[in-house]
Amino acid sequence: MDLQQRTVKSMNRENVLNYLLLSPQGRTQQELAQHSLLTIASIGNILSELQEKKLIEKSGLALSSGGRKPSIYKLDQSHYRIFSVSIGYGTLTCLLVSLQGNVLAKDLLTFDLEDDPYQVLDHMITTFYSICESQMVSFDQILGVGISAPGPLDEEHGIILNPPNLTGWINVKITQYLHERIPLLIQLEKDANCTMMCEYYYGIARNSMNALYVMVDAGIGSGILVEGEVYKGATQVAGEIGHGTIDLNGLKCNCGNYGCLEVMASGNAIVRKALTEVRKGCPTTIAHIDNNLGLEEVLDAALQGDDLCLSLLQDSSRYVGIKLADKINFLNPELVILGGRINDKLEQYTGWVKETALSRIFQETARGVQIKRAKFGDISEGLGAATVVLKEAFKQQ
Ligand SMILES: [Zn+2]
């Protein structure tokens, strides 16, 4: 088989995978053929090949329109598992996931930002082997390992370059390091792209072709979906919504620029502002926490009605809403998803961002856009990273 034939075959398999991911109820051979514009015979060959590799399975029969009832095909639920890990600012969320996106095991690890990244990865590798053991999954049943990490990344070479808030994680050759210790398919993807894919395949963006995911957490990032594909840009770093100036007189950001959305409105910025107010003697329920104050404490206090925390979050929502209005005008998405810990925990915040954004966008654009809160919380990066492994496995089979 020459290169061109192999490429076409791999595209056809990817097409089948996409359709099955978007159709958890399964599809018949005829539906798959219609969707991919292939003949019934060609789809039949692809399906038997994928079934033999235990990537898809027959799962019941569909209603007949005359004649024999056709088989329904789904992603295989019983053989392969995917291990995924989402690297956050001091947390590693490890998941064991089925090919249909069911979470079978979850383990949350924490680390200090000063820790050596490779030691943190060693911790993750130990967790990988212990989860496999506790779930009684053999090594050859793991299809691959998906990693979600804050950008910027060099996805092609599997390197975490220099995420502004993940200090110390500079030029971490994560894919190579993991592959030497877990010799399987290893895939690296930016966190906001993973969350976008998770919502597209399993969540509220399933019926959307053009969407924008904005993650408001310790940092602020975004993932862009264009015609059903994540848009990555010329050097794979598209979506850095957090690092554009929103305040001409703003502070210097970790990225080196001034007045970025991230330094004005992210979770880290909110915590920094809260600490300044606490030290000035502002009355608040978080006054006693001081040095250990983090985003979780601010969000918990806001949920209890703390005025200072609520006003800092409202302030942040205005910056995010204004930036979002600009991006909606520019991209014209049908759906904007607001995720990350702040939206996840405080529904009010999503409402504030939405209100600001809708009051500032073009009326023509406003008519076509919906702004919604993400369906998935802290497992969304890991679920998205698992779909990256799945796509690569289908391509390579
Ligand atoms: Zn910046």
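**Reading domains, a helix and a pocket**

Mentor: The C-alpha centres of domain 1 and domain 2 lie 29 Å apart. The model is predicted, so local features need pLDDT of at least 70 and side-chain atom pairs count only at pLDDT 80 or more, while totals for chains, interfaces and linings use all residues. Residues are numbered from 1 along each chain as its sequence is written, and side-chain values use heavy atoms, with hydrogens and water left out.

Trainee: Into which domains is the chain divided?

Mentor: Domain bounds come from an automatic or database domain assignment. Here they are domain 1 (3-75), domain 2 (81-196 + 380-396) and domain 3 (208-373). Contact means heavy atoms within 4.5 Å; between domain 1 and domain 2 it takes 13 residues from domain 1 and eight residues from domain 2.

Trainee: Which residues of helix 5 are buried?

Mentor: Buried means under 20% relative accessible area, exposed over 50%, partly exposed in between (1.4 Å probe, protein chains only). Helices (H or I, at least four residues) and strands (E, at least two) are DSSP runs, numbered from the N terminus. In helix 5 (residues 174-181), the buried ones are I174, T175, Y177 and L178. They lie on the same side of helix 5 because they cover an arc of only 165 degrees around the axis, taken from the directions from the helix axis to the C-beta atoms. Their cover includes helix 4 (117-134) and strand 7 (142-149).

Trainee: By class, what lines the second largest pocket?

Mentor: Nonpolar means Ala, Val, Leu, Ile, Met, Phe, Trp, Tyr, Cys and Pro; charged means Asp, Glu, Lys and Arg; the others, Gly among them, are polar. A pocket is an open set of points on a 1 Å grid over the protein atoms alone, where a 1.4 Å probe fits, with protein on both sides within 12 Å along at least five of seven lines; lining residues have an atom within 4 Å of a point. This lining has 10 nonpolar, nine polar and 10 charged residues.
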